[in-house]
Amino acid sequence: MKKTKLDPALKRTFSYLKPFKKEFALVAVALLVSTAVGFLQPLAIRSITDEGMLQQNMGMIVRSVLVLAVLVLINQSLDLWQAHIFADIHNKSYHTIFRQVFEKLLHLEKSYFEDKNNTEILSFLQMDIAQVSSITDRYTVLSASYIFRIISGLIGLFVISWKLALVVLAMVPVKFLLVKGMSKRREKAMDEMLESSRDFSRWFGDNLGGVDEIKLWGLFQSREKTFSQMQKKLLGLEKKGVMIDSWNSFWEILLEWSVTIVLYLLGGWLICTGGLTIGAVFAFASYSGYVTGPVAALINLKMYFARILPSARRLFQFMDMGTEPDNGTGRAPGRPPRLEFRDVAFSYEESRPILQGASFTVEPGEKVAIIGQNGSGKSTILNLLLRFYQPGSGQILAGAEDITTLAMEEYRGLFSVVSQEPYLFLGDILQNIDLSGTAAKGQLESALEASGVAGYLPRMPAGGQTQIGQNGAKLSGGEKQKLAVARALLRDAPVVILDEATSGFDVESDAYLHDIIVNQMQGKSVIMITHHYNHLEGMDKVYRLEDGRLKLCPAGETP
């Protein structure tokens, strides 16, 4: 007989149960007590009926009812306690999975985010995390306890009537075959819904990001039409999944009622012929529920896992993605190192090379400018230097060491970066300058003055505590750029990188920052990407990037 192997994605999903062995042990004890209590309840009902009501013995009725009440109270108390335990387990596992996903996102390569928007990423990850973390829901874990209840129910059934017990057991294989077919359809429907949901989230996020263009170009009707089409498809797939679950419930209930009807007929016949008492039939009906309900729940686990499995596969595929390579263990120097590109080649696509044997050096404390046409690869050089991308060939050196041999976090600590489009976080102005919240007051004030942020703070409603909105939406372009410059100055790193850093600056602010770069950043290396030739004054070297290569411009020559 071929042994069925557990799907690897489900196996990894079950691994989230391991940290809660102690809690499950306590729940197991509670379940054993609950099973014993549940076994006694039908016997109390039989006593009420046969020894109380039929014998007209009020004392027996009262005693049996009190016993039944105590049993019910114990069972419900245990049930409430278990609900509390499982809520804690679920919350902890959900937090663990989401934290792992968040940490993974922070360390993924830059290329992962290039064809996805934030809405799409958050939407499908939240859905997958919710599905996978549901493995710690009460339903999943309690399913194992159903085995105890089934055993106790079977004992009760065979003690009362083995003939009727066989009728109940006949339901099991029929139910199993039914669910087997339904679960395959459910898994396929869930796969389709996840993909459709992902496509919709991507489209929706893209349109939110481009809402200004939609307004300017009058795209309301076409976008609303596409929205309706995508929503119709998504809702149709959701309905398909709901109907599969509903059909499964339909056949399950129909099957259980068929068994119940047969039991009433046979039970009535046995009562009439003296084979069973009325109380015994009532007790048998209760024990029958102990078997049919849990058996149905155990079989329905296949349907339950059919909903989880597509999300689990997708989530663990994400978790297994490669992160930024960080195998370096070397310590980065505390002062500006000599930086060198040595015959570096790079391309985003094989047929479109960006750099072809690019070479240049930045000596410690040098101020170097890189100029070139748009799309020539200037920003790519910075991304390679900051290890957001890896060269296709060639080497990048810091001192005498290949930068890949240095620990990533330490290496990036060498740089303060001001990009052309800096990202600003939700929060206020000062929080976006002092990102760690640990800067000394004097250092912060110096950065505010040097960057020009101090010049516009008095105009802000709450000064430095003014909320700036999503990615600085409440600031002008120049205000955003000055804030980013202040952030870089505050870090006080040995190497300063400026990628069109003064875009949006007025003439006076531009000249002020240029003076700081040229005359006040003594001892720091500066790498400047610029289109403005007036920024080249005071630079030690100027490189022009053409055809994927860097050419050193002779001193005093206008590029």
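Which residue in β10 does Leu545 stand opposite? In the predicted model described here, local features require pLDDT of at least 70 and side-chain atom pairs count only at pLDDT 80 or more, whereas totals for chains, interfaces and linings use all residues. Residues are numbered from 1 along each chain as its sequence is written, and side-chain values use heavy atoms, with hydrogens and water left out.

Leu545 stands opposite Leu550, within an antiparallel pairing of strand β9 (residues 541–546) and strand β10 (residues 549–552) that extends over four bridges; strands are taken to pair if DSSP finds at least two bridges between them. In this hairpin, two residues lie between the strands, and Asp547 takes a positive phi near 55 degrees. Strand β9 also pairs with strand β3 (residues 367–371), here in the parallel sense and again over four bridges, with Val368 opposite Lys541 in β9.

These strands belong to an open sheet of six strands, ordered β6-β7-β8-β3-β9-β10, in which the pairing is mixed. Because β6 (415–418) and β10 each have a single partner strand, they stand at the edges, and one side of each is left without a neighbour in the sheet. Neighbouring strands of the sheet are turned by 20 degrees against each other on average, direction ignored, the axes being lines fitted to C-alpha atoms and angles running from 0 to 180 degrees between N-to-C directions.

The secondary structure of the chain comprises 17 helices and 10 strands, defined as DSSP runs (helices H or I, at least four residues; strands E, at least two) and numbered from the N terminus. Helix α4 (residues 118–133) has 16 residues and should span 22 Å at 1.5 Å a residue, which agrees with the 22 Å between its end C-alpha atoms; the expected span is 1.5 Å times one less than the number of residues. Buried residues of α4 include Ile121, Phe124, Leu125, Asp128, Ile129 and Val132, where buried denotes under 20% relative accessible area, exposed over 50% and partly exposed in between (1.4 Å probe, protein chains only).

Of the 559 residues of the chain, 45% count as buried. The radius of gyration of the chain is 35 Å, whereas a compact globule of 559 residues would have a value near 24 Å; the radius is taken over C-alpha atoms, and the globule rule is 2.2 Å times the number of residues to the power 0.38. Along its principal axes, the C-alpha trace spans about 120 × 50 × 50 Å. Among contacts (heavy atoms within 4.5 Å) between residues at least 6 apart in sequence, 80% join residues at least 24 apart.
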